[in-house]
Amino acid sequence: IDHVLSCNVGTEGTKLARHNLLLPIFSKFCKKLGFVWDTRPAVLGFAQILDVLGLPHPPGKRRLGAIAHCRADHRRSLGIDVTVWHPCTRSIRRNEAAAVGRKAATYTTDLAEKSKIEKYAQLCDARGIKLLPAAFNAYGGWGTLVLRDLVEPHFDKLRAEEKAEAGQEWN
């Protein structure tokens, strides 16, 4: 079952297709927050930064899914990489923390965020942008960081607009 749930080849592209379906959703959020959405391959890679840092080029692709450029302050730009993990894979099922305790609901997305942070945080820092690992679980759970750094600001902005127009806000 693990192969069916998590293998890029075994899923015949559905894992990548699911990943790619999420990018347009983030594009809308980012544009409404005033970011400029960028998915040009030339800006998503890290080859130049690796060379500047004198770091080896690791095997495989080191490429973000998108960059949300902040025109007002480049340092607020977001390097976004989407990842979707399945909570029923063996490596997650084997850990008791995935099933019990106060962090069980976010266990899978917490691991996914940590994985992206380990892979990209230093590279994004070197580019002067903030990494936003957009982590999800296959059942629809959202990662803590994407909720905090993108979704909540979007709805905070909508609430503020509602209050300005109608004199009241919603919760």
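This is a predicted model: local features need pLDDT of at least 70, side-chain atom pairs count only at pLDDT 80 or more; totals for chains, interfaces and linings use all residues.
Leaving out residues up to four places away in sequence, Val82 touches His19, Leu22, Leu23, Phe26, Lys116, Ala134 and Phe136.

Next, colour the largest nonpolar core, which has 21 residues. Val82 is among the residues that touch the most other members, together with Phe26, Trp37, Ile80 and Leu150. Two or more residues each come from helix H2 (14-32), E1, E2, E3, E4 and H7. H2 gives the largest share of this core, 5 residues.

Switch to a cartoon view and select the strands. The open sheet is made of 4 strands in the order E1-E2-E3-E4, and the pairing is mixed. At the edges are strand E1 (35-38) and strand E4 (130-137), each of which pairs on one side only. On average, neighbouring strands of this sheet are turned by 25 degrees against each other, direction ignored.

Zoom in on E1 and its partner. E1 pairs with strand E2 (residues 66-70) in the antiparallel sense, over 4 bridges. Select Phe35 here: the residue opposite Phe35 is Cys70 in E2.

Helix H6 (residues 107-127) lies across E2, E3 and E4, and runs at about 160 degrees to E4. Helix H7 (residues 144-166) lies across E3 and E4, with an angle of about 125 degrees to E4.

**Asp38**

Return to strand E1 and pick Asp38. Is Asp38 buried or exposed? Asp38 counts as buried, because its relative accessibility is 6% and the cut-off for buried is under 20%. Show side chains and find Arg40: the side chains of Asp38 and Arg40 are joined by a polar contact of 2.7 Å. Not counting residues up to four places away in sequence, Asp38 also touches Val43, Leu44, Ala66, Ile67 and His69.

**The aromatic rings**

Display the rings of the aromatic residues. The structure holds 5 aromatic pairs. One of them is formed by Phe136 and Trp142, an edge-to-face pair with 4.8 Å centre to centre and 70 degrees between the planes. The pair is classed as edge-to-face because its planes are 70 degrees apart, and the class covers angles over 60.

Phe136 is buried because its relative accessibility is 5%, under the 20% limit. Trp142 has a relative accessible area of 33% and is therefore partly exposed. Then select Phe26 as well: Phe26, Phe136 and Trp142 form one aromatic cluster.

**Thr89**

The last stop is the loop between strand E3 (78-85) and helix H5 (90-93), where Thr89 is found. Thr89 is buried, since its relative accessible area is 8%. Which backbone oxygen does the side chain of Thr89 reach? The side chain of Thr89 reaches that of His86, at 3.2 Å. To finish, draw a distance from Thr89 to Thr108. C-alpha to C-alpha, Thr89 and Thr108 are 9.9 Å apart in space, and in sequence they are 19 residues apart.

Definitions and conventions: Residues are numbered from 1 along each chain as its sequence is written. Side-chain values use heavy atoms; hydrogens and water are left out. Buried means under 20% relative accessible area, exposed over 50%, partly exposed in between (1.4 Å probe, protein chains only). A polar contact is a pair of N or O atoms within 3.5 Å; within protein, one must be able to donate a hydrogen and the other to accept it, and residues adjacent in sequence count only if both atoms are side-chain atoms. Rings of Phe, Tyr and Trp (its six-membered ring) pair if their centres lie within 6.5 Å; planes under 30 degrees apart count as stacked, over 60 as edge-to-face and the rest as tilted. Two strands pair if DSSP finds at least two bridges between them. Axes are lines fitted to C-alpha atoms, for helices over the stretch in contact, and angles run from 0 to 180 degrees between N-to-C directions. Contact means heavy atoms within 4.5 Å. A nonpolar core is a set of buried Ala, Val, Leu, Ile, Met, Phe, Trp, Tyr and Cys residues joined through side-chain atoms within 4.5 Å.
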